[in-house]
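Keep the viewer open and follow along.

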Amino acid sequence: MPFEYLNTNPKTRVYHSPRKKSSSSTNDILIMIPGNPGLVGYYITYLDYIQRALPQFEIFGMDYLGFGKLQSTKQQHIYAVEEQINHKYEVIKHKIEQQSIKPNLYFLAHSLGGFITQRTIKKLLEDNDLKGKFEVKFNGMITPTTNDIAGSESGTKLTKLINAKIPIVGLAMTFGSLCSYIPETAQRYILTHHWTPPKQVIEEGSNHENVGLENSLEATLELINSPSAINQALNMAKDEMQVITDSDEVNDWMYTNNQYSFKNWCFFAQQDHWVSNETRDYLISKYGNSNPKRNKFEICENVENPIKHAFVLNQSKEFAEITIDRIKQAENCWVKVD
């Protein structure tokens with residue numbers, strides 16, 4: 001995978017793909033903020049499809065802090081959600097300050113990434129040092145957990161386990177340690193047969209393109225063989241239950257503040273174990289019609305092959321096509337384009 005490492009403390013791993021179509025008049029950067037687990041490797045197939053269709057974009061996606069493999073977890077620092085927000089803000093601020101041409105920022109965020117991205121954008125726009133140095137054009141949030149995550153199906157189960165004091169983190173870390181004794185070839189076989197890719201992905205893969213499950217497979221192998229990454233992911237999930245409440249303060253700012261003109265797109269699954277139907281319907285009813293020129297809320301309409309919360313496992317191509325269309329629509333104030 002073409003990863004780069006930023007000289008932050010600790011170092012930040014990013015997936016960076018320069019634009020394929022140069023233009024002296026625009027500087028469009030597409031920023032990807034993952035969900036939890038915070039490994040941008042899961043999204044490479046998805047991002048590559050988008051860049052092929054929209055070659056004017058420079059692609060910049062970043063890992064969360066705490067997902068690098070450590071030799072020991074005894075003194076491991078667990079990064080909270082608030083620390084992840086500050087980290088994304090600092091990295092993107094530095095990215096903006098490096099640009100010779102004023103950048104147009106397009107954000108895509110998945111799951112927890114939606115909560116983090118909302119607050120990152122707010123911090124960037126309210127930073128006086130950055131006034132006039134960049135413009136946010138688009139904020140796309142995919143199955144976002146921006147409200148009452150503890151009320152979702154998985155959130156309710158996780159909260160019960162936490163309250164019952166079941167050592168889920170320790171058990172999962174033990175699983176990660178045991179995985180290291182299983183040969184990688186066996187791990188690959190199990191995962192490959194567990195995630196059956198769609199037929200069209202297999203066919204396109206014959207050209208050795210960056211498609212299918214390969215990137216998700218690599219990211220998953222990285223995760224399950226790292227007790228420290230498992231430790232970070234599960235402890236951060238516990239933190240999510242506390243910080244992603246039913247407060248509407250930031251949602252109000254994001255969707256109803258007329259000070260800014262960037263477009264918001266929220267895509268929800270038909271059924272989502274991390275976003276309850278009640279939460280989804282509440283957000284759509286409150287904000288869906290608040291400013292239709294700026295905001296677009298939608299629920300997946302595909303009944304035969306609905307987009308799932310974990311779309312990156314084997315629906316990257318399908319959802320990339322949807323994303324490309326929505327970015328184009330946003331440029332026309334949500335007027336559908338061919």
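## A buried serine in a loop

Start at S111, which sits in the loop between β5 (104-110) and α3 (112-125). Keep in mind that this is a predicted model. The backbone does something to look at here: phi of S111 is near 55 degrees, a positive value in a residue that isn't glycine. Is S111 buried or exposed? It counts as buried, because its relative accessibility is 9% and the cut-off for buried is under 20%.

## Another positive phi

D148 also has a positive phi without being a glycine, this time about 50 degrees. You'll find D148 in the loop between β6 (135-142) and α4 (153-163). With a relative accessible area of 29%, D148 is partly exposed.

## Two cis peptide bonds

Now for a pair of prolines. The peptide bond running from N9 to P10 is cis, and its omega is near -5 degrees. P10 belongs to the loop between β1 (3-6) and β2.

Further along, N36 and P37 are joined by a cis peptide bond as well, with omega about 15 degrees. P37 has its place in the loop between β3 (28-33) and α1 (44-53).

Strand β2 (residues 12-17) holds R13. Despite its charged side chain, R13 counts as buried, at 10% relative accessibility. What does the R13 side chain make polar contacts with? One partner is the side chain of D63, at 2.7 Å, and another is the side chain of E222, at 3.0 Å.

Leaving out residues up to four places away in sequence, R13 touches F3, E4, Y5, L39, G61, M62, D63 and E222. Take L39 from that list: R13 and L39 are 26 residues apart in sequence, and their C-alpha atoms are 9.0 Å apart in space.

## Helix α8

Helix α8 covers residues 214-224 and is mostly covered, with eight of its 11 residues buried. Which residues of α8 are the buried ones? They are N215, S216, L217, A219, T220, L221, L223 and I224. As a rule, an α-helix has 3.6 residues a turn, so residues three or four places apart point the same way.

K102 lies in the loop between α2 (81-97) and β5. It counts as partly exposed, at 42% relative accessibility. Setting aside residues up to four places away in sequence, K102 touches N27, G132, K133, F134 and E135.

## Helix α10 and T256

In helix α10 (residues 249-256), the buried residues are V250, N251, W253, M254 and Y255. What covers them? The cover includes α3, β6, β7 (263-268), α11 (277-287) and β8 (295-299).

A polar atom of the T256 side chain lies 2.4 Å from the backbone oxygen of D252. Not counting residues up to four places away in sequence, T256 touches N251, Y287 and S290. T256 and N295 are 39 residues apart along the chain, with 9.1 Å between their C-alpha atoms.

## The second largest pocket

Time to look at empty space. Rolling a probe the size of a water molecule over the atoms shows where such space is left. The second largest pocket holds about 360 Å³ of space. Its lining is made of 17 residues, and K11, L65, G66, F67 and G68 lie nearest its centre. By type, the lining divides into seven nonpolar, five polar and five charged residues.

## The whole chain

Zooming out, the protein chain's secondary structure comes to 12 helices and eight strands. Of its 338 residues, 53% count as buried. The chain exposes about 15,900 Å², with carbon and sulfur atoms supplying 52% of that area.

How far along the sequence do contacts reach? Among contacts between residues at least 6 apart in sequence, 81% join residues at least 24 apart.

Key. Residues numbered from 1 in each chain as written. Predicted model: local features only at pLDDT ≥ 70, side-chain atom pairs only at ≥ 80, totals over all residues. Heavy atoms only, no water. Helix = DSSP H or I, 4+ residues; strand = E, 2+ residues; numbered from the N terminus. Buried < 20%, exposed > 50% of the residue type's maximum accessible area, 1.4 Å probe, protein only. Contact = heavy atoms within 4.5 Å. Areas by Shrake-Rupley, 256 points an atom, 1.4 Å probe, with all protein chains shown as cover. 1 Å grid on protein atoms, 1.4 Å probe; cavity = no way out; pocket = protein on both sides within 12 Å on 5 of 7 lines; lining within 4 Å. Points joined across faces, edges and corners; volume = space filled by probe spheres on them. Polar contact = N/O pair within 3.5 Å; in protein donor to acceptor, adjacent residues only side chain to side chain.
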